[in-house]
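Please work through the exercises below with the sequence and the structure at hand, and try each task before reading its solution.

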Amino acid sequence: MRFQRSEGLTASEKILAELCEKSFLKLWTYPNLFRKPTKELTDLLVVFGNDVIIFSDKSCSYPNTGNADLDWSRWYNHSIAHSIRQIAKAEKCIRASPEKVFLDAKCLHRLPIDLPDTAEMRVHRICVAVGALDRAEAETGTRALRIEPAVLNDAVRFTVGTNDKALGWVHIFDEKSLATVLAELSTVTDFIHYLNSKAALTQTNFKFADAETDLLGCYLWHGRTFPARDRDYRLEPGLWATVEASKEFQAGREANKQSQFWDGLIEYVNDNYLDQTLEFGNKHDMSEHERVMRILAGETRFHRRVLSKAILQRAEFAKKQAISTLLPSDQPDVTYVLYIGKGDQGKDHAAYRADRAKELQMRCHAAKAVTPERRFIVGIAMDALDVKGSSEDFICLDTGDWTAEDIQKVQQLRTDMGYFKGGNPVLPLSEDEYPSPERAIHLPKLAEELSNLTVSESVQLAEMLKAEWTCPEPKSDD
């Protein structure tokens, strides 16, 4: 094992670590970090490119003095205010001394992945406040902390807003809302987009929500946006329950199960790299490995579903013959090249794999000729479903410094080898993020019919896939 991470020290920290690892994956999730020997930095840190998410988790018993305002003030100060101070200190330390972030209390082992440059760092601050929901439900009838941006510190019971000790907006989750949000926004890309959208929302005419989950419901209902309003408004209470009960939403949640194939692929490679059990690639340094894996992990949950479905369909078809295709990415500077072989057919697997890797490498170069504007070409090679001796190979070409002459050479390769000829029409395939029960998903012979799509055609296809979720407009109390 290249390094050993903490799994959380307290019960609530262990739950936080499990939730975050499931959503953000192991390579980017680090519980219980330290800045000096025995001096804790933060309860959990997520580092993903230029984005840094600082979590502070506080589980505090709710007081019962007989004075409701005093009980709230004490709990707020011990839980939320304490977390906000910890987050501010952690942020200052990370910005001032990024090299002094350690995995262990003795500070012998540094954070294994690189923190971004301070000038490019985007910090997201999250307080997880555990312990108030029973009293909140008893006093307000809602098992949640309310959100009102205009509220300062502990001015209103069971209501969170701004804090005068924070370095910027702090997202305050209770134990229920955090689990719900991470379950529905279960990739780092989806989660960060929500955090950014929510922080921007606090600067608009939005005034109040009964619960974080209602904000999530509004965000998902409107296609992962918070719609602009021309006057002050409050969210409709119980909006999350309305969204979650929608048949379209339930169908989308069920369809997303297939996207776990993509997560599994990432974790499979990461686990083998960390255990140094890869057949090839163990000598790559952490920064090189992480950069490639970060591209795969940068896909949204919906696009992971699209990619997983396409790959699995092709892996089934590849039992008959090898298949290669270009797959679209949600990331504007990425192209995927997929090559699936029939397997070694009982012959020398090493020789078969060497030939497959060579084929993938040539196709990755040819793909640059198809989309010269895209910097990263990521190649994935695997075998058909259910064949013996299966294996996987990955290639990442960073073409940021390629010249026009380099492009001309790979164009010649593409022509000579007949790769990605194009000319195929964009087929009538559709994939709704939230499928309507009245509308069947049309996926006829996906692998066979899409095997030679160019990236430009695939990009058009990706746009077709992003069908709007057409649900009734929720009401709000203007």
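Predicted model: local features only at pLDDT ≥ 70, side-chain atom pairs only at ≥ 80, totals over all residues.

**Exercise 1.** Determine whether Thr159 is buried or exposed, and find which side chain it joins in a polar contact.

*Solution.* Begin by locating Thr159, which has its place in strand 6, residues 159-162. Next take its relative accessibility, which is 1%; because buried means under 20%, Thr159 counts as buried. Then look at the side chains, where a polar contact of 3.2 Å joins Thr159 to Arg146. Finally, setting aside neighbours within four places in sequence, list the residues in contact with Thr159, which are Trp72, Arg146, Glu148, Val151 and Asn153.

**Exercise 2.** Work out which way the residues of strand 7 point, and how strand 7 pairs with strand 4.

*Solution.* Recall that in a regular strand the side chains alternate between the two faces of the sheet. In strand 7, residues 170-173, Val170 and Ile172 point one way while His171 and Phe173 point the other way, and all of them are buried. Turning to the pairing, strand 4 (residues 122-130) runs with strand 7 in the parallel sense over 4 bridges. In strand 7, His171 is the bridge partner of Ile126.

**Exercise 3.** Describe the largest pocket and the residues of its lining.

*Solution.* Start with the space in the largest pocket, which is about 650 Å³. Of the 25 residues that line this pocket, Leu278, Phe280, Gly281, Asp393 and Phe394 are the closest to its centre. Then ask which elements contribute: helix 9 (260-274), helix 10 (286-297), helix 12 (349-370) and strand 13 (393-398) each supply at least two residues of the lining. Lastly, sort the lining by type, which gives 11 nonpolar, 7 polar and 7 charged residues.

Note on methods:
Residues numbered from 1 in each chain as written. Heavy atoms only, no water. Buried < 20%, exposed > 50% of the residue type's maximum accessible area, 1.4 Å probe, protein only. Polar contact = N/O pair within 3.5 Å; in protein donor to acceptor, adjacent residues only side chain to side chain. Contact = heavy atoms within 4.5 Å. Pairing = 2+ DSSP bridges. 1 Å grid on protein atoms, 1.4 Å probe; cavity = no way out; pocket = protein on both sides within 12 Å on 5 of 7 lines; lining within 4 Å. Points joined across faces, edges and corners; volume = space filled by probe spheres on them. Nonpolar A, V, L, I, M, F, W, Y, C, P; charged D, E, K, R; others polar.
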